[in-house]
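Try each task before you read its solution.

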Amino acid sequence: MAEKQTVDVEKKTPAASPPTGIQVIAREFAKDKLAMTSLLFLIVLITVIYVWSFLIDQEQLMRISLRDQMAAPGEKYWLGADKGGRDILGQLIIGARNSITIAISVTLITGIIGIAIGLITGYFGGWIDNIFMRIIDFFITIPSLMIIIVFISIVPKYTVVTFVLIMSVFLWVGTARLVRSKALSESRRDYINASKTMGTSDGVIIFKEMMPNLSSILIVEMTLNFAGNVGLETGLSYLGFGLPPSTPSLGTLVAYANDPFILENAWWNWLPASLLILLLMLAINYVGQAIRRSADARQRLG
Amino acid sequence: MWKTVVRRFLVMIPQLFVLSLLIFIMAKFMPGDPFTGLITPETDPARIEELRQKAGFYDPWYIQYINWMGNAFQGDFGRSYTFNQPVANLIGTRALNTFWLSLLSVVLLYLLAIPLGVLAGRYQDTLLDKSIVFYSFIVYAIPTFVLGLISLFFFGYELGWFPTSGTVDINAEAGTFGYVWSKFYHLLLPAMVFAVLGTTGVIQYLRTEIIDSKTMDYVRTARAKGIPNNKVYSRHIFRNSLLPIAAFLGFTITNLLGGSIFIETIFGYQGMGQLFVQAINGRDYSVITTLVMLFGFLTLLGSLLSDIIMSIVDPRIRID
């Protein structure tokens, strides 16, 4: 069935090359309105947050003003003020910027490590694969959330950089495992063998020939990881084990709700941040799902 | 079959060993020692020195490790200085609370997910299926603590349907029906949040399983025999799809443990997850190490359980 279809397509358009990854993804987004909306929403939101955060004077924002304590949303503060009389909206923008930046850096670090290790172990197999698989198996079976929290609480000089590094140490594993399994089957393909016979070096085969063919899966994995990292960072910050107190995050804003009085009576302190996290997660995940569909010919809408 | 189980069990031992080593090293990096909690302004430094020497504080690390493990095997995990009682007792009471919460969550999860998965698979590509798939996507994307807080605010405070914190009403008398009911009532909201968040995996698995079964030979045979459509689904397809989803139980346990840290903190539920956060904040290291070890053991047990169920269900993955 599938074979017959491709033959038909080739007959009709003999000159056209098969659509590239980007074209397939673009077609999928054109077909799925909700995915398009999510993508536009994300682009607009992230741009607004980054531009706006430049305009905010952080020192003035964090200045305590007792007269505005717990001010309700109104003319002066669109989203009200917290216990210290600080503007919630400003904190929301700065917090969102920090959360997104950290999620992006963790995603990039774990992505690079995970993809490199996955590709190399999948391509070579043998003892390299064996060693790394034991390590990966171990990482998967440990309660990583707890160990991350313990690490965060015992590191002596705790900064944003250490936070990102600690998270990265435990989060590359999933990506590595997925990429390895894909690389394993890809490395048995004819084109890889052909390239090997021609004497191409292993490095060139892995990164210039195999990686582009896995690119759509890698993009999906990175997108979903990005969503996961936003969730994890805000979650840790919510518990009080995330960003240092001097750097507000969406999670620290949500953590205002740990005070039952604020939870019940001052919804503007914690609800906007919760909803922003929710929207971010939904949009990123939806975009990720759409890219995943476009990576699999059987599930495509467009 | 038994070979697989035994082999999986043997693989667990080195994993537990490495985990315990990691935790031991972490514990060495934590400030203070087991006697920090005993020090008062009147304590003579020489006395502390003596205690330390007696407890083997200056022994080489591998001897300390062996002693620590030996004590752990005998159920001696040290003393919690913030709660001022043996760690084993402290965790014992908390573990029971977490166990009840997990049990109710798992029951609610399957009660919710199985009908949804079956309906989505059976009425594939209808509006019903699409809404169920969309629902499972949304709950997949929501972080635990966001849903927990919003439902606590909405159902607990705004509507007042559920208690907002604790494990049991302070006025309830132990042993009475009211006590049990109050306990259950406190469990209900956190367990529901857990259940809703965990449904995605089961729904998606069941849905694809049923869609795949529709075109199988045994289903066609059943239809050819003239079995009514409802019965084909309830007797033939459903039974075949049910066992594999039991394998999700293992993953569910892992997720519950990770999520319990958030859920128990939000709902002020006195279980192991809340104890962990309290112990970290109170720098109560004997409690922390024991809890991490326990959670690690349970996580391994969860994945072992999944593998065993899978090997019962699918003979291909058995090692013979």
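UniProt positions are given here in the numbering used for this structure, feature names are shortened, and annotations may be inferred rather than shown by experiment. This is a predicted model, in which local features need pLDDT of at least 70, side-chain atom pairs count only at pLDDT 80 or more, and totals for chains, interfaces and linings use all residues. Residues are numbered from 1 along each chain as its sequence is written, while chains are lettered from A and ligands numbered from 1 in the order in which they are written.

**Exercise 1.** Find the residues of chain A that UniProt annotates as "transmembrane region", then look at the helix content of residues 267-288.

*Solution.* Start with the record: the unreviewed UniProt entry puts this feature at residues 34-56, 100-124, 131-154, 160-179 and 267-288 of chain A. Now take residues 267-288 of chain A: the span is 100% helix and 0% strand, with its end C-alpha atoms 31 Å apart. Residues 131-154 of chain A are 92% helix and 0% strand, and there the end C-alpha atoms lie 29 Å apart. Helices (H or I, at least four residues) and strands (E, at least two) are DSSP runs, numbered from the N terminus.

**Exercise 2.** Work out whether A:Leu89 is buried, partly exposed or exposed.

*Solution.* First, locate A:Leu89: it sits in helix α5 (residues 88-124) of chain A. Next, get the rule: buried means 20 or more other C-beta atoms within 10 Å of a residue's own, exposed means 12 or fewer, and partly exposed is in between, with C-beta atoms placed from the backbone. A:Leu89 has 18 C-beta neighbours inside 10 Å, so it counts as partly exposed. Also look at A:Pro272: it is 183 residues from A:Leu89 along the chain, yet their C-alpha atoms are separated by 8.7 Å.

**Exercise 3.** Describe the side of chain A that touches chain B.

*Solution.* Two residues are in contact if their C-beta atoms, placed from the backbone, lie within 7 Å. The contact takes 30 residues from chain A and 34 from chain B. On the chain A side, α14(A) gives the largest share, 8 residues. By type, that side has 21 nonpolar (Ala, Val, Leu, Ile, Met, Phe, Trp, Tyr, Cys and Pro), 8 polar (the others, Gly among them) and 1 charged residue (Asp, Glu, Lys or Arg).

**Exercise 4.** Find what the buried residues of α1(B) pack against.

*Solution.* Pick them out first: B:Gln15, B:Leu19 and B:Ile23 are buried in α1(B). The buried residues of this helix pack against α6 of chain A together with α12 (285-313) of chain B.
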